[in-house]
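I opened a new page today. My plan is to go from the whole chain down to single residues.

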Amino acid sequence: MTRRKSNTGIPGLSFSWKRALGITQAKQKLAREKCIPTSKAGVERKIGSMILKALFGGK
C-alpha cells in the first residue's frame, strides 16, 4: 500500500484552501438550514426516498 503525501510537505499536516476560505463551513450551514444534502450518498438517499414516497405514498 502506498503512502499518501501531505500537501504541505510535513507529515500529519495538511492544508485545505476551501476550509481556509470558509467554503466548507458555508456549504455545511446551507445544507443544515435548507435540508439539502451535499454529499453524493446523501443526494442519492434523498432522491430514493422521494421516489419511494411518490410510488407508495407516505408522509
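A helix here is a DSSP run (H or I) of at least four residues, and a strand is a run (E) of at least two. The model I am looking at is predicted.

Entry one: the whole chain. I looked up the secondary structure and found three helices and zero strands. Read from the N terminus, the order is α-α-α.

Entry two: the surface. I noted an accessible surface of about 6,000 Å² for the protein chain. Carbon and sulfur atoms account for 60% of that surface. Then I checked burial. The chain has 59 residues, and 3% of them count as buried. For that label, a residue must have under 20% relative accessible area.

Which residues make the nonpolar surface patch? I listed V43, I47, I51, L52, L55 and F56. The patch covers about 630 Å². L52 sits in helix α3, which spans residues 40-56.

I found C35 in the loop between α2 (23-34) and α3. C35 is not a glycine, yet its phi is positive, about 55°. Is C35 buried or exposed? C35 is exposed, because its relative accessible area is 51% and exposed means over 50%.

The 50% cut-off separates the two labels.

Definitions and conventions. Residues numbered from 1 in each chain as written. Predicted model: local features only at pLDDT ≥ 70, side-chain atom pairs only at ≥ 80, totals over all residues. Heavy atoms only, no water. Patch = residues over 30% accessible without salt bridge, like charges linked within 9 Å, V, L, I, M, F, W, Y side chains within 5 Å. Areas by Shrake-Rupley, 256 points an atom, 1.4 Å probe, with all protein chains shown as cover. Salt bridge = Lys/Arg side-chain N within 4 Å of Asp/Glu carboxyl O. Buried < 20%, exposed > 50% of the residue type's maximum accessible area, 1.4 Å probe, protein only.
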